[in-house]
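Subject: Structure handover

Hello,

Here is the structure I promised to pass on. Please open it first, then read my notes below.

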Amino acid sequence: MKKLGFGLMRLPLNNPDDETSINLSAVEKLVDKYMAAGFTHFDTAYVYNDKHSEIAFRETVAKRFPRESYTITDKMPMFMIKEEERLEPIFTEQLELCGVDYFDYYWLHSLNMGSYKRSIKANAFDFLKRKKAEGKIKHIGISFHDSAEVLDLILTEHPEIEYVQLQINYIDWEDENIQSRKCYETAVKHGKRVMVMEPLKGGSLADIPEEAEKLMREVHPDMSPASWAIRFAASLASVDFVLSGMACEEHLADNLSYMTDFKPLTDEERSVLAKVTDIIKSSIAIPCTACHYCTSGCPQKIAIPEVFAIYNNYKRFPENQETATLNYSVTLMKNHGMPSSCIECGQCEEHCPQHLAIIENLKEVAKLIEG
């Protein structure tokens, strides 16, 4: 099995300010090269690009390749589900949007303790089992963002779950907030296979401090920082796929260069990553992955990931970011709410997979941008 999966959350756009404006021609080229290299797995979700990610999959994969030549993961948005009656219509719609008769893998999306309780109330686990029995799903699972303790509870109460999709990267491996290692070990303890999301932590591990990249280049002069991150996740024995969002041909070519003939990390490489981790952790002000889960229900329409990116770039490179920060901020605020317009409703923090203190961070960002 080739472990590189094509994540369809961060796709090439015709308009950077419109997540639905996917450049299908560009996606087709990426898909063709990915499939030609022998890779076959795609991952989408109902909320990615406001359903347009699923449509992009249909147009660029399902309509153009035999069904047996690829596998696809989709997900039920449990953070949107309050009653059982919503499950069937959304699932049916997803099959139509993706242009398939069944899903190879299907998860309850972004489970934490709160959404797990909603899943129980909505009989979502029974729904998964029923759809599997009907042949509409081959393998059932969950994508997960909470503590190892909560994951252990879910897998104990629902042994029918086959897969767990986890955020795993070398920065979050020992992080007590994300608990990547602990969650991975919990999944392994229960005999579950693992899919990896955010191996690059929203792209941040592809653009690391110069001091950290230098350590990597001393070992592998021609390998990118991204290659180290994806190989870290792919080296785990219970991992089937590592998802990478490949928004351009450069990203795809880089991934194929080391994942076509994948080699697990050596002890020397792991030692380098430990040093790199310390350097990076000291440089990230707000560890946002730009997943946009926080923005879909924001009453003030604040572009939270974008303003956090402005803040992080300014903090890392204050000497050459002042003009860029000003220009980008002015453009961004034409179509979105100001950071200071936050009414502290808390819905963003409830949906944040990174468990960030978004409200307090927005106050800090407002001082920089609006000042």
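The largest nonpolar core has 86 residues. A nonpolar core here is a set of buried Ala, Val, Leu, Ile, Met, Phe, Trp, Tyr and Cys residues joined through side-chain atoms within 4.5 Å. Buried means under 20% relative accessible area, exposed means over 50%, and partly exposed is in between (1.4 Å probe, protein chains only). The residues with the most contacts inside this core are Phe42, Phe57, Met76, Ile142, Phe144, Ile168 and Tyr170. Helix H9 (residues 225-234) gives the most to the core, with seven residues. Helices (H or I, at least four residues) and strands (E, at least two) are DSSP runs, numbered from the N terminus. A second, separate core has 16 residues, including Cys294, Cys348, Ile358 and Ile369.

Two things to know before going on. This is a predicted model: local features need pLDDT of at least 70, side-chain atom pairs count only at pLDDT 80 or more, and totals for chains, interfaces and linings use all residues. Residues are numbered from 1 along each chain as its sequence is written, and side-chain values use heavy atoms, with hydrogens and water left out.

Ile168 and Glu198

Take Ile168 next. Contact means heavy atoms within 4.5 Å. Leaving aside neighbours within four places in sequence, Ile168 is in contact with Trp173, Ser180, Tyr184, Val194, Val196, Met197, Glu198, Pro199, Phe232, Ala233 and Leu236. Glu198 sits in the loop between strand E7 (193-197) and helix H8 (210-219). Is Glu198 buried or exposed? Glu198 counts as buried because its relative accessibility is 10%. With neighbours within four places in sequence again set aside, the contacts of Glu198 are Met9, Arg10, Gln167, Ile168, Asn169, Thr289 and Cys291.

Aromatic rings

How many aromatic pairs does a search of the whole structure find? The search finds 19. Rings of Phe, Tyr and Trp (its six-membered ring) pair if their centres lie within 6.5 Å; planes under 30 degrees apart count as stacked, over 60 as edge-to-face and the rest as tilted. One cluster, linked by ring pairs, holds Phe6, Tyr34, Phe39, Phe42, Phe57 and Tyr70.

Charges over rings come next. A charge sits over a ring if NZ of Lys or CZ of Arg is within 6 Å of the ring centre and within 35 degrees of the ring normal. Lys2 has its charged end over the ring of Phe39, 5.1 Å from the centre. Arg67 has its charged end over the ring of Tyr102, 3.9 Å from the centre.

Salt bridges

The count comes to 26 salt bridges. A salt bridge is a side-chain nitrogen of Lys or Arg within 4 Å of a carboxyl oxygen of Asp or Glu.

Lys33 pairs with Glu249, with the closest N and O atoms 2.4 Å apart. This pair links distant parts of the chain: Lys33 is in helix H1 (residues 24-36), Glu249 is in helix H10 (residues 249-259), and they are 216 residues apart. Lys33 is partly exposed, at 43% relative accessible area. Glu249 is partly exposed too, at 37%.

Lys131 and Glu88 also meet in a salt bridge (2.9 Å, N to O). Lys131 lies in helix H5 (residues 124-133) and Glu88 in helix H3 (residues 87-98), 43 residues apart. Why does Lys131 count as buried? Its relative accessible area is 5%. Glu88 is partly exposed, at 32%.

Glu176 and Lys182 form another bridge, with the closest N and O atoms 3.1 Å apart. Salt bridges that share partners also join Glu28, Asp32 and Arg64 into one network. Back to Lys182: this residue lies in helix H7 (residues 180-189). Lys182 is in contact with Ala148 and Glu176, leaving aside neighbours within four places in sequence. Glu176 is exposed, at 52% relative accessible area, and Lys182 is partly exposed, at 30%.

Positive phi

Two last residues to look at. Asp50 has a positive phi of about 50° although it is not a glycine. Asp50 lies in the loop between strand E2 (41-43) and helix H2 (52-62) and is exposed, at 51% relative accessible area. Lys301, also not a glycine, has a positive phi near 55°. Lys301 lies in the loop between helix H11 (267-281) and helix H12 (304-316) and counts as exposed, at 56%.

Best wishes
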